[in-house]
Amino acid sequence: MNTQKLPELQKKYGELDAGDLLQVMIGDVFKNKIALISSFGADAALLLAIVSEIDNKTPVLFLETGKHFPETLQYVEALKNKLGLQNLNFLTPDPELLNRIDEKGDLWNSNPDRCCWMRKVEPLDRAVKELGIEALITGRKRYQNSERAKLETIELDDKNIFRINPLANWDKARQKQEAAKRDLPAHPLVAQGYLSIGCAPCTSIVKAGEDERAGRWRHTAKEDQQKTECGLHISGLEIRVSGFGEKE
Ligand code: SF4
């Protein structure tokens, strides 16, 4: 059903600019069945602002992995207050799974795919079901890395949930311009050279000439198994973390 709906939606709305696309997705096509997933990272503020201008009661999903920088948690509160976010949801790992799989809290080092599945993918899947979500808004952009270069503004993921990527074809200049217009505060770590910000153990400073996301999971490069996505935006992570694809 959704696979048939996808080309229709892409044809009708796929070329709309971010604000217009979000207006129709939030206000009409997925009314009361859409949420924004936000990392509250380096450039999260702009999309949060655009969504809140349309409807500040739109559910915002933040994955509280328990591994964030303190600055990120402060930034969540600062943006919530500045933008008047009325429906901010903190998604946390299942405590039973956490105790069983990552008792010492160092799974990020030995098996980051499994850690991301437990701390991000499973909580998101659970929330999507509980809230009856049919579409998730993301802040992904084509220029961020080669894997995102062909990103569409409307997609369907492997779990049959629509993904709305309103900033997919925006460039850095447009982003800066729109953020400046709204006087949005920067994440406090950007000034220190963190250009893409996730969990603290898996985030490092980006050097000149590197991709914006090059500082993520840098520790996995040493085993020649560079991880580039957390599992929220790729398919098959459940398979890669064999034995943990279903909540047991
Ligand atoms: Fe774990 Fe790192 Fe993934 Fe966070 S980004 S969930 S700490 S592996």
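A polar contact is a pair of N or O atoms within 3.5 Å; within protein, one atom must be able to donate a hydrogen and the other to accept it. The exercises below concern a predicted model.

**Exercise 1. Describe the setting of aspartate 102 and state what its side chain reaches.**

Solution. 
Step 1. Locate the residue: aspartate 102 belongs to the loop between α5 (95-101) and α6 (107-110).
Step 2. The relative accessible area of aspartate 102 is 4%, and buried means under 20%. Aspartate 102 is therefore buried.
Step 3. Apply the cut-off for polar contacts. The side chain of aspartate 102 reaches the backbone nitrogen of glycine 105 at 3.0 Å.
Step 4. List the surroundings. Beyond its neighbours within four places in sequence, aspartate 102 is in contact with Leu97, Leu107, Cys115, Met118 and Arg119.

**Exercise 2. Determine which side chain forms a polar contact with that of threonine 72, and whether threonine 72 is buried or exposed.**

Solution. 
Step 1. Threonine 72 is part of helix α4, which spans residues 70-83.
Step 2. With a relative accessible area of 1%, threonine 72 is buried.
Step 3. The partner is histidine 187: a polar contact of 2.9 Å joins the two side chains.
Step 4. When residues up to four places away in sequence are not counted, threonine 72 touches Ser39, Phe40, Phe62, His187 and Ile197. Phe40, one of these, returns in the next exercise.

**Exercise 3. Explain why α3 is described as largely enclosed by the rest of the structure, and name the elements against which its buried residues pack.**

Solution. 
Step 1. Count the buried residues: eight of the 10 residues of α3 are buried, so α3 is largely enclosed by the rest of the structure.
Step 2. Identify them: Ala45, Leu46, Leu47, Leu48, Ala49, Ile50, Val51 and Ser52.
Step 3. Name the packing partners of these buried residues. The helices are α2 (18-29), α4 and α8, and the strands are β1 (34-37), β2 (60-63) and β4 (135-137).
Step 4. The chain has nine helices and six strands.

**Exercise 4. Characterise the second largest pocket by its volume, its lining and the helix that gives the most to that lining.**

Solution. 
Step 1. The volume of the second largest pocket is about 360 Å³.
Step 2. The lining has 15 residues, and those closest to the centre of the pocket are Ala42, Asp43, Lys172, Gln175 and Lys176.
Step 3. Both α3 (45-54) and α8 (172-181) supply at least two lining residues; α8 gives the most, with four.
Step 4. By class, this lining has 10 nonpolar, one polar and four charged residues.

**Exercise 5. Describe the second largest cavity, and state how many disulfides the structure holds.**

Solution. 
Step 1. Of its 13 lining residues, Cys115, Cys116, Cys199, Cys202 and Trp217 are the closest to the centre.
Step 2. Helix α7 (residues 112-131) provides the largest share of this lining, five residues.
Step 3. The classes in the lining are eight nonpolar, one polar and four charged residues.
Step 4. Consider two of the cysteines. Cysteine 199 is buried at a relative accessible area of 11%, and cysteine 202 is buried at 9%.
Step 5. A disulfide is a covalent bond between the sulfur atoms of two cysteines. The structure holds zero disulfides.

Note on methods. Residues numbered from 1 in each chain as written. Predicted model: local features only at pLDDT ≥ 70, side-chain atom pairs only at ≥ 80, totals over all residues. Heavy atoms only, no water. Buried < 20%, exposed > 50% of the residue type's maximum accessible area, 1.4 Å probe, protein only. Contact = heavy atoms within 4.5 Å. 1 Å grid on protein atoms, 1.4 Å probe; cavity = no way out; pocket = protein on both sides within 12 Å on 5 of 7 lines; lining within 4 Å. Nonpolar A, V, L, I, M, F, W, Y, C, P; charged D, E, K, R; others polar. Points joined across faces, edges and corners; volume = space filled by probe spheres on them. Disulfide = S-S within 2.5 Å.
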